[in-house]
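This report looks at the nonpolar core and the salt bridges of one protein structure. Please keep the sequence and the model in view while reading.

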Amino acid sequence: LDGILMLQNVNLPGGHLRRKTAEDQRQMRELYKEMDMVSAEVQKVNRDGSLSLHTRSTRYGKLHDGVLIKAPVALIKRLKTHFHVFDFGVQALIGVNGYIWVSRATRKKRKREESDEEGGEKIDPLARGKEAAEEEAVKQEMTTVDRLNIARVRNAIALLAEAFLEISPHTIADVYDASNEQHLRPPEMLNPEHKETLLLRASERVKGHIKKK
């Protein structure tokens with residue numbers, strides 16, 4: 001499917017208001033360009049089958065510091081919110097289309113006390129948005145622990161998908177915790193001899209949920 005993200009449907013990093021001038025159109029490449037990976041919400045499906053997207057919330061936008069994994073759509077549990085932050089410093093964006101983005105949890109957004117003017121000169125909101133995007137992208141460097149935790153969550157999702165078990169924050173955490181308890185490194189999680197024990201807790205959770213229904 002083709003997706004269309006109009007300038008008017010873009011929220012600048014930092015929540016700044018956007019303008020809709022020709023200059024903005026030329027400078028949008030400073031925020032988004034070809035091959036960037038973004039999260040967006042489907043606003044509507046057009047008659048030609050294309051999708052109208054929008055990122056008019058600070059939770060959407062360019063994705064950084066993570067890995068993408070695809071799972072069967074049938075396994076994605078419908079949730080009130082598909083953005084989840086785990087206690088161990090990893091966040092997951094569980095798309096209803098089966099695409100799941102696993103990344104390091106971002107820091108709480110700092111409160112910004114910026115005025116529209118600085119030194120008597122008006123600040124361009126798009127330029128200011130670019131600066132915010134660069135700050136957000138740089139942050140602190142990824143640590144070895146960050147990378148291992150992301151890989152562990154990614155492999156937990158892969159195991160759930162392979163076993164055709166429901167994918168939700170709870171089942172992901174079940175497999176993640178089980179791998180830590182067994183002192184397995186992320187690559188070892190995918191070894192056939194470990195799969196059954198890693199999936200046991202998640203499988204029991206899913207079975208218990210079905211019985212309650």
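A nonpolar core is a set of buried Ala, Val, Leu, Ile, Met, Phe, Trp, Tyr and Cys residues joined through side-chain atoms within 4.5 Å, where buried means under 20% relative accessible area, exposed over 50% and partly exposed in between (1.4 Å probe, protein chains only). The model is predicted, with local features needing pLDDT of at least 70 and side-chain atom pairs counting only at pLDDT 80 or more, while totals for chains, interfaces and linings use all residues. Residues are numbered from 1 along each chain as its sequence is written, and side-chain values use heavy atoms, leaving out hydrogens and water.

The largest nonpolar core has 30 residues, of which Ile 100, Ile 157, Leu 160, Ile 167, Ile 172 and Val 175 touch the most other members. Elements that give it two or more residues include strand E9 (99-104) and helix H3 (144-162), and H3 supplies the largest share, eight residues; helices (H or I, at least four residues) and strands (E, at least two) are DSSP runs, numbered from the N terminus.

Five salt bridges are found in the whole structure, each a side-chain nitrogen of Lys or Arg within 4 Å of a carboxyl oxygen of Asp or Glu. Three of them are listed here.

| Asp 65 | Arg 104 | 2.9 Å |

Asp 65, Arg 104 and Asp 146 are linked in a network of salt bridges. Within it, Asp 65 is partly exposed, at 25% relative accessible area, whereas Asp 146 and Arg 104 are buried.
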